[in-house]
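Colleague: I'd like to learn how to read a model like this one. Take me through it one feature at a time.

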Amino acid sequence: MTELGKRLREAREEKNMSLDELQEMTKIQKRYLIGIEEGNYAIMPGNFYVRAFIRQYAEAVGLDPDELFEQYKQDIPQSYQDDIPQTLSRVKTRQQLSAEGAKWLDWLPKVIVAVVVIGAAVLVWVLLQHGAANKPPTKTSPKTAEVEKPKHSPLEQAKQKQPAKEADEKATNENGQQNEQPAPAMNVTEKRGNMATIEVASSGAFSIELSSKGTSWVEVYNTKGHTFYRGNLASGQTKTFDLSAESEVWVKIGRTLDVDMKVNGQPFAYPFAPKEEVYQKLHFVLKK
């Protein structure tokens with residue numbers, strides 16, 4: 001075992017993280033994770049993958065990969081450009097486009113807007129010309145007759161009812177906002193490693209919302225063996241769970257730096273600072 005492998009393994013064990021959990025978070029095969037800890041890089045597909053897997057392993061256990069690369073550079077094989085497979089990048093960046101293609105892409109929105117504006121102007125002009133041709137000549141009357149509006153016409157009644165309707169809608173919206181479920185009282189009763197137990201005093205309703213700013217492994221399940229969700233939460237993806245019927249719920253988040261949590265619609269502060277404990281296990285105990 002190399003010094004680097006020993007350092008990574010100790011960091012994983014400090015977080016009470018098994019190799020199976022690490023495999024689920026990083027999507028790196030377990031045999032490669034074992035190879036990294038034992039310094040057996042010969043089983044890897046190439047030097048590029050060795051460095052990439054070490055970086056992912058370090059980030060998952062809360063270590064700085066750049067610092068590790070500098071400190072243990074004698075234990076890590078160097079990567080060359082030839083090692084990088086051509087199919088690794090699935091997205092063709094704008095720099096790979098030809099100069100003419102990029103220039104055309106820059107002009108395309110402007111051309112579309114210009115065509116739409118010109119078309120709208122032509123349509124308005126045609127309608128005006130058509131209306132002027134069909135408009136009958138007007139006669140000037142020496143006197144203008146005054147028409148008395150009925151006091152109880154349907155139009156007048158509708159105008160009188162409009163303010164009352166708007167007032168009712170405003171009151172309904174205000175009542176709706178006031179009826180939003182308040183955040184339950186929560187108390188952290190235990191902290192051990194990267195696990196925290198949280199007692200929740202709830203009036204009945206209890207929901208959790210998870211929104212990801214990056215890509216993070218997430219698992220939500222109860223103590224009865226039912227899993228509500230387990231997998232990677234992609235960037236921009238949001239998952240909401242109604243847990244009102246549960247008494248105990250576990251929430252495991254691989255990268256708390258990339259996941260925002262809300263409880264009953266209110267922001268939730270993690271028991272551990274995400275920069276200090278990236279991977280956190282949260283045990284919610286509902287006291288109704």
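Colleague: Which residues are buried in α1?

Modeller: Buried means under 20% relative accessible area, exposed means over 50%, and partly exposed is in between (1.4 Å probe, protein chains only). Helices (H or I, at least four residues) and strands (E, at least two) are DSSP runs, numbered from the N terminus. In α1, the buried residues are L4, G5, L8, A11 and R12. They sit on the same side of α1, because they cover an arc of only 130° around the axis; the arc is that of the directions from the helix axis to the C-beta atoms. Bear in mind that this is a predicted model, where local features need pLDDT of at least 70 and side-chain atom pairs count only at pLDDT 80 or more, while totals for chains, interfaces and linings use all residues. Residues are numbered from 1 along each chain as its sequence is written, and side-chain values use heavy atoms, with hydrogens and water left out.

Colleague: What do the buried residues of α1 pack against, and which exposed residues are on the face turned away?

Modeller: Count a contact when heavy atoms are within 4.5 Å. On that basis, the buried residues of α1 pack against α2, α3, α4 (47-60) and α5 (65-71). E3 and E14 are the exposed residues on the face turned away from the buried side.

Colleague: On to charges. How many salt bridges are in the whole structure?

Modeller: Look for a side-chain nitrogen of Lys or Arg within 4 Å of a carboxyl oxygen of Asp or Glu. Searching the whole structure turns up 13 salt bridges. One of them links R9 to E13, with the closest N and O atoms 3.2 Å apart. Both lie in helix α1 (residues 3-14), 4 residues apart, about one turn of the helix. R9 is partly exposed at 35%, and so is E13 at 44%.

Colleague: Which parts does the K30 and D20 pair tie together?

Modeller: K30 and D20 form a salt bridge at 3.4 Å between the closest N and O atoms. K30 is in helix α3 (residues 30-38) and D20 in helix α2 (residues 19-26), so the pair ties together parts that are 10 residues apart in sequence. K30 has a relative accessible area of 32%, and D20 has 45%. There's also a salt bridge between K73 and E70, at 3.7 Å from N to O.

Colleague: Now strands. How many bridges join β1 to β2?

Modeller: Two strands pair if DSSP finds at least two bridges between them. Strand β1 (residues 185-192) runs antiparallel to β2, joined by 7 bridges, and R192 stands opposite M195 in β2. Their hairpin has 2 residues between the strands, and G193 there takes a positive phi near 65°. Strand β2 (residues 195-201) also pairs with strand β10 (residues 280-287), in the parallel sense, over 7 bridges. V200 has L286 in β10 as its bridge partner. As for cover, 5 of the 7 residues of β2 are buried.

Colleague: In what order do the strands of the open sheet run?

Modeller: The order is β6-β3-β8-β9, 4 strands with antiparallel pairing. At the edges are β6 (238-242) and β9 (266-267), each pairing on one side only. Strand β8 (residues 259-263) is joined to β9 by 2 bridges, with V263 opposite Q266.
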